Amino acid sequence: MLLIIFQILLVLTTCVFFVSKRHMSNLVLLIQLGLAGITGYWSIDVLTHGTVFERELLINFWGSPLEIKVDSLSAFFILVLNFTLLTGSIYSKGYLKPYINEKNHAEFGLHYFSLAWLHISMLLVCMLRDGLAFLVVWEMMSVFSFLLVIFESEKKETVKAGINFLLQMHIGFVFIMAGFIYAYVQTGAAFSFDGLSVYFEEHHPLPLFLLFFVGFGIKAGFIPFHTWLPHAHPAAPSHISGIMSGVIIKMGIYGILRVLTYIHTDLLIIGIFILVVSVVTGLLGVMYAIVQHDLKKLLAYSSIENIGIIGIGIGIGLIGVAKDLPILAVLGFAGGILHVLNHSLFKSLLFYSAGSVYMRTHTRHLEHLGGLIKKMPKTAFLFLLGALAICGLPPFNGFISEFLIYSGLFKGLQTPSLQTNFIILGTAIGLTLIGGLALFCFTKVFSIVFLGTPRSGAPEKAKEVDGSMILPKILAGIMIVAIGVYPVFFVKMVGNVVGLYVRDISLIMQDTSYMSKISCSSLVFILLIAILWLIRRAQQKRVHIEHGPTWGCAYSGANPAVHQYTATSFANNYSELAPPIVKTGKYFESLKEEEIFPRPRSFKTKTGDMIEENMVEKPIRKIIKWMEKAAIFQTGNLQHYIMYAFMFMGLIFWLTIFNII
Amino acid sequence: MNVLGFVLAIISSLLIPGIITITKAKMSGKKGPGVFQPLFDIARLIRKGNVYSTTTSVIFQIGPIIYFASVVVALLFVPFGQYKGLLSFDADFVFFAYLLGIGKFMMIISAMDTGSGFEGMGANREALYSMLVEPIFFILMGSLALLTHYSSFYDLFVHIHYDSYLTYLIAALGVYLLLQIAMVENSRLPIDDPKTHLELTMIHEVMVLDNSGFDMGLINLATGLKFALYGGLIANFIFPVEWSLYAQIVVFIMVNLLFAVAVGLMESFRARNKLAKNPKWILMLSSISLIVFLCVIEITQKLL
């Protein structure tokens with residue numbers, strides 16, 4: 001029955017084109033609610049009973065019925081993506097309101113149609129196991145996200161970022177497809193995920209895993225495959241950035257985790273590989289995030305950092321399985337997988353808040369913002385909540401997943417192997433540095449965007465966004481606090497997923513005992529803050545309160561915005577330490593000696609992404625240079641072209657004569 | 001009995017700033033104020049009214065409260081001899097460190113809330129140094145976890161046994177590191193000098209330029225508490241748990257007092273670093289913490 005409704009809903013999405021622009025969002029939201037309700041029901045059933053849900057869709061695919069299969073891993077990801085897509089959809093209603101008059105019916109319809117189908121294709125990605133069907137829905141997911149990204153297609157850079165995104169997704173697609181084909185050719189088993197298990201049992205898994213890792217890693221944004229993220233996120237409308245960062249990149253993680261369920265040998269080397277890539281991803285991600293000036297670009301880099309944290313969890317989990325250390329395995333996987341949920345919550349919250357700021361100020365440039373907490377208090381506090389959570393600070397959700405990883409690490413230290421000890425110590429240092437850098441990054445963002453005085457005219461006129469744009473943020477905020485204060489429930493839920501990788505998950509249940517102590521400590525903390533606040537309020541009523549300008553060393557008369565710290569100056573002492581990884585270029589015209597009355601000048605700093613520069617742009621420039629040399633053949637002379645054809649035929653002729661081909 | 005440790009820590013936190021001041025005064029040949037003078041100052045601040053900058057928002061008002069609360073709750077994790085801290089669980093030092101982190105986060109943004117260039121300087125220095133200092137604490141705790149095979153404050157300290165030269169070295173380096181972490185966390189010499197008069201080179205003092213009254217009182221109290229926090233950890237670190245309760249009490253207080261005197265002496269006899277040198281200095285501390293780790297590897301006989 002539910003299955004039939006599910007399929008009817010798929011057909012209903014086409015109705016989007018037949019309703020008015022104002023009602024499209026409501027219709028899509030309704031369809032999404034239906035989809036989320038059905039798949040959520042299946043998923044919760046799977047997670048609570050630990051069963052696997054299997055059905056056949058009515059659609060025939062290449063002659064055979066399409067089978068959907070929901071196990072605990074799929075169920076977990078389905079729940080995560082349902083939540084973020086629903087909040088994104090609610091948010092889009094308010095966010096796209098100003099565009100209603102700008103965009104025509106078809107453009108608007110296409111956007112909402114793509115949104116609905118993005119949801120559907122992601123659900124199917126999690127549910128389908130057949131190789132070909134998986135590749136088809138995977139491709140659909142990329143194409144629909146591309147359509148969503150290029151909503152503001154009248155801007156040149158948006159289209160450019162969108163095409164960059166689409167191209168990179170296809171490179172990833174090729175790798176995944178190659179992986180499936182290779183396994184199929186080698187084993188002759190089914191062209192599906194289950195067919196992979198046959199391959200992995202018989203062969204050395206690393207080469208094939210690497211193919212899948214690159215394919216899925218491009219989606220997930222592991223460094224060095226991250227270069228699409230910082231371009232696509234700022235270009236996309238904010239609800240799409242939130243969804244993209246919250247769940248689309250997590251589909252890459254899903255793919256990697258799915259492939260890992262079939263691998264049972266050589267886990268140590270795979271684990272170390274993932275761990276090293278992830279620590280680098282985490283560190284570089286946040287190091288680049290700090291120096292960004294574009295709010296959404298900064299958040300995109302911070303997503304890369306969080307993918308690194310997720311990868312660290314998975315990596316140490318694998319090492320734990322390989323070294324037969326159940327505690328390291330359980331806590332590593334649990335931390336990594338819980339961080340998938342956590343990151344989807346706070347990152348969508350942060351992107352929605354960034355979107356609200358952009359909507360009201362029309363700028364994402366940090367140096368033009370400031371003082372918004374007075375104009376948009378709700379957005380500001382929700383952003384603060386997200387910022388605290390993303391730094392992994394208690395009592396919020398980011399802390400719980402990082403804590404699981406940390407406690408796995410420190411318990412893993414108790415093993416006799418020297419190699420593991422060094423790996424663990426290195427990871428712990430990496431993780432603490434990531435934490436510290438994230439704190440640096442988000443104190444900077446929050447204080448530059450929301451605190452102090454406005455740095456330009458843009459924030460002066462801003463006002464708070466409507467309720468429909470606040471609601472999704474509050475929903476995400478509630479989940480953030482719920483996981484932070486009451487982690488036991490969520491850790492147990494994740495425990496079911498961990499069961500796919502580690503046979504004995506009793507440790508996670510043991511772990512919940514001190515999860516409740518964490519809740520207790522968090523509550524003590526919150527209670528103490530509340531008590532202190534009350535005492536302070538009582539004290540404030542009795543004393544004389546004065547208001548005046550900020551102490552400015554007797555320069556308080558000057559424009560306070562000039563006196564303030566900027567984003568660049570906040571990051572300056574860090575960016576002095578960070579080379580050669582982060583290189584800040586300064587662009588200015590130096591003063592000439594003969595210039596007695598200097599003209600007005602400009603000074604600009606720009607921080608590029610060294611990895612993008614060296615691994616993508618430089619090789620491409622080289623290739624283009626060589627390609628240009630080949631242009632001498634293109635003479636524009638018809639006789640030459642006919643000659644080429646004859647030369648080619650002659651070549652073929654001679655090659656066959658000498659039996660070379 | 002767990003409460004006793006907390007109460008003792010609170011008492012020593014109230015005395016530590018006074019003792020530091022006295023030590024510094026004696027060393028520079030001055031008479032110096034009474035031990036309780038910093039306390040009187042705090043009591044006066046708490047009764048006073050506030051001046052708020054019109055630029056500030058609620059962040060500026062809740063910042064000091066959350067900072068203070070974070071330090072107090074962190075103190076609940078510090079064990080006392082053979083008694084656990086009031087809050088104790090596996091890997092509790094992660095919670096401890098991140099709790100201090102949220103306090104710092106709030107102080108940094110509340111300084112930025114004033115929109116003052118000076119406070120921006122302090123805030124971003126604080127953010128940078130606390131980022132650099134964090135790994136030191138984790139490497140130290142990780143080494144102890146490797147040595148003892150446990151992972152909560154209480155178990156770590158209970159299961160350290162000093163029986164070889166290398167363990168003594170670990171103890172010495174560990175105490176040195178905790179002492180220096182306390183100095184960095186509290187922005188004291190050689191990172192920052194609380195007596196300095198130039199805003200351009202200050203860290204902590206410049207972050208709280210605009211705070212006054214009750215908030216300022218809490219911030220000053222938190223400074224003492226932070227010293228007691230690390231003093232308590234040092235006391236646990238070096239003294240065996242087998243000693244009787246009374247001996248423990250005496251030792252705990254003595255260590256805290258000595259800690260305060262040591263801070264006073266250190267501040268009297270050394271100059272502050274150049275600001276630009278501070279990151280290097282903190283990285284030097286990390287390398288010392290790596291030596292601790294290598295010692296542990298050597299003791300557990302994994303290397304050779």
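Biologist: Which residue does Arg258(A) meet in a salt bridge?

Modeller: Keep in mind that this is a predicted model. Arg258(A) lies in helix α10 (residues 238-260) and its partner in the loop between β2 and α3 (72-95) of chain A, so the pair ties together parts that are 187 residues apart in sequence. Both residues are buried. The side chain that Arg258(A) meets, at 2.9 Å from N to O, belongs to Asp71(A).

Biologist: And in chain B, how far apart are the closest N and O atoms of Glu267(B) and Arg188(B)?

Modeller: These two form a salt bridge, and Glu267(B) is buried, as is Arg188(B). As for the closest N and O atoms, their separation is 3.0 Å. Glu267(B) sits in helix α10 (residues 245-269) of chain B and Arg188(B) in the loop between α7 and α8, so the bridge ties together parts 79 residues apart in sequence. The distance you asked for is 3.0 Å.

Biologist: Back to chain A: is Lys103(A) buried or exposed?

Modeller: Lys103(A) meets Glu107(A) in a salt bridge, 3.8 Å from N to O. Glu107(A) is partly exposed, with a relative accessible area of 32%. Lys103(A) has 4% relative accessibility, and because the cut-off for buried is under 20%, Lys103(A) counts as buried.

Biologist: How many salt bridges does the count come to over all chains?

Modeller: Side chains of opposite charge can pair when their charged atoms come close. Some are linked in a network, as with Lys104(B), Glu134(B), Glu185(B) and Lys226(B). Over all chains, the count of salt bridges comes to 20.

Biologist: Which residues gather in the patch of negative charge?

Modeller: One of them, Glu67(A), lies in strand β2 (residues 64-70) of chain A. At 38% relative accessibility, Glu67(A) counts as partly exposed. The patch of negative charge gathers Glu54(A), Glu56(A), Glu67(A) and Asp194(A).

Biologist: Which residue does a cis peptide bond join to Leu189(B)?

Modeller: Look in the loop between α7 (165-185) and α8 (204-207) of chain B, where Pro190(B) lies. Omega is about 0° for this bond, and the residue joined to Leu189(B) is Pro190(B).

Biologist: Ala91(B) has a positive phi; is Ala91(B) buried or exposed?

Modeller: Ala91(B) is not a glycine, yet its phi is about 60°. Ala91(B) lies in the loop between α3 (58-75) and α4 (92-112) of chain B. At 0% relative accessibility, Ala91(B) counts as buried.

Biologist: And Asp324(A): buried or exposed?

Modeller: Asp324(A) also has a positive phi, about 60°, and lies in the loop between α12 (295-322) and α13 (326-361) of chain A. With 62% relative accessibility, Asp324(A) counts as exposed.

Notes: Residues numbered from 1 in each chain as written. Chains lettered and ligands numbered in written order. Predicted model: local features only at pLDDT ≥ 70, side-chain atom pairs only at ≥ 80, totals over all residues. Heavy atoms only, no water. Helix = DSSP H or I, 4+ residues; strand = E, 2+ residues; numbered from the N terminus. Buried < 20%, exposed > 50% of the residue type's maximum accessible area, 1.4 Å probe, protein only. Patch = residues over 30% accessible without salt bridge, like charges linked within 9 Å, V, L, I, M, F, W, Y side chains within 5 Å. Areas by Shrake-Rupley, 256 points an atom, 1.4 Å probe, with all protein chains shown as cover. Salt bridge = Lys/Arg side-chain N within 4 Å of Asp/Glu carboxyl O. Lys, Arg positive; Asp, Glu negative; His and termini not counted. Charge placed at Lys NZ, Arg CZ, Asp CG, Glu CD.
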